Amino acid sequence: MTEMEKVKQNPSLYSSPMTEGEIDSSYLLDDAWVKEPREHKGTLIWLHGIGELYQDTSKMFEMLAPKNLRVVVPRAPQIPVTALEEKEERAWFDLEGLVLSDDLDEDYRGVADSADKIFELIDAECKRIDASRILIAGFAQGGAMAIHCGLSYKKTLGGVLCSNGYVVLPEGYPDHIPPANQKVPVLAINGNSDEVVPIKFARKRFSVLKASGVPFEFREDFHLTHHASQEVMFQLQRWIEITLGIE
C-alpha cells in the first residue's frame with residue numbers, strides 16, 4: 001500500500017498546517033483569476049508557486065496566452081509553512097526545507113487535500129469544454145501539483161506543463177497513473193542553476209515518469225534559476241499552441 005493510499009484510509013496518520021481546518025470546496029474557483037478567450041478552444045489551469053503573487057502571473061498570461069485559450073489561475077490557501085518558520089504563505093502543501101532533497105519528509109495529507117480541490121476545479125472546466133482540451137500547468141510547487149493531478153485525474157486531459165518543478169510523492173508511481181492517462185503528454189523545464197529545486201533532484205524525481213511510460217519531455221536551461229523566465233514562458237506558449245492546435 002502506498003503512502004497516499006494510507007492517508008486516504010486514515011487521514012489522521014499525517015498532519016499539516018493546511019489540513020487542520022476545512023477548506024471551502026468552492027474556494028479555488030471563487031478566488032481564481034480568469035482570462036476569457038475570443039473563442040473557447042482550450043483551457044489552461046495554472047498553479048502558482050509558494051508565495052507567488054498570482055497578479056504577476058495573470059499579467060504574464062495577458063500578454064502571452066493564445067487568444068482562443070481560457071486561462072484559470074487559482075490561488076492556493078494561505079497556510080503556515082514549516083520551511084519559513086511557520087510564516088503564512090499561499091501554498092498547495094507544507095514544505096520542510098527551502099532547498100528540496102529526498103531527505104525531507106513530504107506532506108502527504110496536504111498534497112491529497114489540495115489535489116481534491118484542484119480536481120473540483122477541473123470538474124468545473126470539464127462542463128465548459130472536453131477534458132482533452134484542458135491543460136494543467138504550474139511553477140515550482142504548483143508544477144509538482146500539476147503533474148500529480150494531471151496524471152491521476154479521472155478523465156484524460158490534453159497535457160501537463162511544469163516549470164521549475166518536480167514529481168511529488170514519487171514512490172506512488174507507476175500505480176498513481178491510471179491506464180487512461182498513460183499517454184498524457186508532459187513537458188517539464190528546469191534550470192541547471194535553480195537553487196530551490198536542484199537539477200539533480202529534479203532529474204531523479206522525473207525519472208519515475210520515464211519509467212512509467214508517460215510521453216515525457218524534459219528540457220534543461222543552463223542559466224535558469226528559480227523563476228519562470230520570459231524565454232521559458234514562450235516555450236510553454238508554443239507547446240500549448242502545438243498540443244491544442246490553437247493560436
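Predicted model: local features only at pLDDT ≥ 70, side-chain atom pairs only at ≥ 80, totals over all residues.

Which of its faces is covered, then?

Now the whole chain. It has 247 residues, and 57% of them count as buried. Its secondary structure comes to seven helices and nine strands. The accessible surface is about 11,100 Å², and carbon and sulfur atoms account for 49% of that. As for contacts with a separation of 6 or more, 77% are between residues 24 or more positions apart.

The largest nonpolar core has 53 residues, and I136, I147 and L209 are the ones that touch the most other members. Several elements supply at least two residues each to this core, including strand 2 (42-47), strand 6 (134-139), strand 7 (159-163) and helix 6 (199-211). Which element gives the largest share of this core? That is helix 4, with eight residues.

Take I136 as an example. Leaving out residues up to four places away in sequence, I136 touches, among others, I45, L47, I118, I122, C149, V160 and L161. There is also a second, separate core of 25 residues, and L69, A140, L224 and L236 are among its members.

Helix 5 is the next stop. How many of the residues of helix 5 are buried? The count is 10 of the 10, so helix 5 is largely enclosed by the rest of the structure. The buried residues in helix 5 include Q141 and H148 as well as M145, I147 and C149.

That brings me to cysteines. C149 has a relative accessible area of 0%, so C149 is buried, the cut-off being under 20%. C162 is also at 0% relative accessibility and counts as buried. A disulfide is a covalent bond between the sulfur atoms of two cysteines. How many disulfides does a search of the whole structure find? It finds zero.

Aromatic rings come next. The whole structure has five aromatic pairs. In one of them, Y166 and F201, the ring centres are 5.5 Å apart and the planes are at 55°, so the pair is tilted. Y166 sits in the loop between strand 7 and strand 8, and F201 sits in helix 6, so this pair ties together parts that are 35 residues apart in sequence. Both partners are buried: Y166 has a relative accessible area of 3%, and F201 has one of 8%.

Another pair is F216 with F218, and this one is stacked, at 6.0 Å centre to centre with 15° between the planes. F216 is buried, with a relative accessible area of 14%. Ring pairs also link F206, F216 and F218 into a cluster.

Two more places, and then I am done. One is G42, which lies in strand 2. G42 is at 0% relative accessibility, so it counts as buried. Apart from neighbours within four places in sequence, G42 is in contact with N68, L69, R70, I129, R133 and L244. G42 and V71 are 29 residues apart in sequence, with 8.7 Å between their C-alpha atoms.

The other is a hairpin. Strand 4 (residues 78-81) and strand 5 (residues 87-90) pair in the antiparallel sense over four bridges. One of the residues involved is V81, whose bridge partner in strand 5 is K87. Five residues lie between the two strands of this hairpin, and E85 takes a positive phi near 55° there.

Note on methods. Residues numbered from 1 in each chain as written. Heavy atoms only, no water. Buried < 20%, exposed > 50% of the residue type's maximum accessible area, 1.4 Å probe, protein only. Contact = heavy atoms within 4.5 Å. Areas by Shrake-Rupley, 256 points an atom, 1.4 Å probe, with all protein chains shown as cover. Pairing = 2+ DSSP bridges. Disulfide = S-S within 2.5 Å. Core = buried A, V, L, I, M, F, W, Y, C linked by side-chain atoms within 4.5 Å. Phe/Tyr/Trp six-rings, centres within 6.5 Å; stacked < 30°, edge-to-face > 60°.
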